[in-house]
Amino acid sequence: MFDPWQLLLVVSAIAIGWLLGRKPKIEANDVPAVRHHQYYKGLNFLLNDQPDGALDTFIEALEVNSETLETHIAIGNLMRRKGEVERAIRIHQNLLSRPSLSRVHLHQAHLELARDFISAGLWDRAEGLLLDLIKDAPELKAVAMRHLLEIYQDEKEWQQAIDTAKQLLPKRYLLKASPPVDASINDALAHYCCELAELALQKKDFHSTRNYLKQALSYDRSCVRASLLAAEVEYRTGHLPKAIQNLRKVWGQDPVFIPETVPLLKACYQKLDDDQAFQNDLKQALDICPSVTTLLALVELIKSKQGDLAATEFLGKALAERPSLRGLAKFVELHIDNSGGRARENFSILQLLIEQLLEAKPQYQCQHCGFAGKHLHWLCPGCKHWGQVKAIRGAEGD
Ligand SMILES: [Zn+2]
């Protein structure tokens, strides 16, 4: 396949050739001769399959002005995308050293340099450039703030992220007069508050935790994470009915997250010593959203109250309606416990095979980019979107 950046080099070579052919009409006679020399030198590098040398020569030869600025920026961006950040920085810094460029063009080069620094992980330098841009270039304010947000998010500077994201909200939204335009900013704000809530919870500062969670829900009423954390706070402070209330709130916010509520729901009902209420909740949860996690919690409960036979019978019927690998693993486990001799050995082999199959399967997937993994990430490691990673559903999932 033809490498796109080599294509750009060839196009650049043609463009430079055209420019060099045109320039002698307006410039001193000796300058084009030097440029022609650089052009042929660059072409020679390209023909000898030395694209790096060719690129440097072409950049040197290509005068920086309003006509060639886009080409310089495009080549710099291409370098960044290829992972050659140092070279991208050099190209964009070269532009900033040209006072002949207009204010708008200088700001454009400024922004690209900030993007190079972000790619290189030089967050402090990128932050400085972006703050300058926000002050001096109103036309690039929104895009600069988005990048600033990326930096604060990566640095886990949650309060600074909140302060920046709030400025991206429409002003009328802050007065609660109109709905938000960009939902992703509200989602992010809710999660930033949840991050601060988690830190406060670690310090057992329950008052601050509750305040941050209240703020999170004010930005996004359907923030499942905030309700799960609120349930955790109430559980830890001994307010069990309130904890259950928050967990049940998740059911309405996004039923796909119902399985995430099951472990704490179980802990609450165990403390309340109310198996019947737990069983009722599990049945109701299954009606709202069929899930292997919820089903297996119910099977465990039936097993403890009515014995293995009742649990096996219940699970067998459930699996016939909605087959699942994890359900099958439990079904086999129940049979191992209640069989002997050759049959027990065979069930054990079957259990091992199912476990190996499950080991290879991811349990969560991002709805936005498809990133898949074993754990629930609130911030997708693939696309950096918040709240998009959810349990995989179906026979091989939940
Ligand atoms: Zn993603």
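Reader: Is Tyr 192 buried or exposed?

Author: The model is predicted. A residue counts as buried under 20% relative accessible area. The relative accessible area of Tyr 192 is 0%, so Tyr 192 is buried.

Reader: How many aromatic pairs are there, and which kind is the pair of Tyr 192 and Trp 386?

Author: The count comes to five aromatic pairs. In the pair of Tyr 192 and Trp 386, the ring centres are 5.9 Å apart and the planes stand at 85 degrees. Planes over 60 degrees apart count as edge-to-face, so this pair is edge-to-face.

Reader: How many residues apart in sequence are the parts that this pair ties together?

Author: Tyr 192 belongs to helix α11, residues 183-202. Trp 386, itself buried at 8% relative accessibility, is in the loop between β2 (372-373) and β3 (389-391). The pair therefore ties together parts whose separation in sequence is 194 residues.

Reader: Which residues do ring pairs link into a cluster?

Author: Tyr 192 and Trp 386 form a ring pair. Ring pairs link these two with one further residue into a cluster. The cluster consists of Tyr 192, Trp 386 and Trp 158.

Reader: Which kind is the pair of Tyr 269 and Phe 278?

Author: Tyr 269 counts as buried at 8% relative accessibility, and Phe 278 does at 3%. Their ring centres lie 5.7 Å apart with planes at 35 degrees, so the pair is tilted.

Reader: Over the ring of which residue does the charged end of Lys 271 sit?

Author: A charge sits over a ring only within 6 Å of the ring centre. The charged end of Lys 271 is 4.8 Å from the centre of the ring in question, that of Tyr 235.

Methods
Residues numbered from 1 in each chain as written. Predicted model: local features only at pLDDT ≥ 70, side-chain atom pairs only at ≥ 80, totals over all residues. Heavy atoms only, no water. Phe/Tyr/Trp six-rings, centres within 6.5 Å; stacked < 30°, edge-to-face > 60°. Helix = DSSP H or I, 4+ residues; strand = E, 2+ residues; numbered from the N terminus. Buried < 20%, exposed > 50% of the residue type's maximum accessible area, 1.4 Å probe, protein only. Lys NZ or Arg CZ within 6 Å of the ring centre and 35° of its normal.
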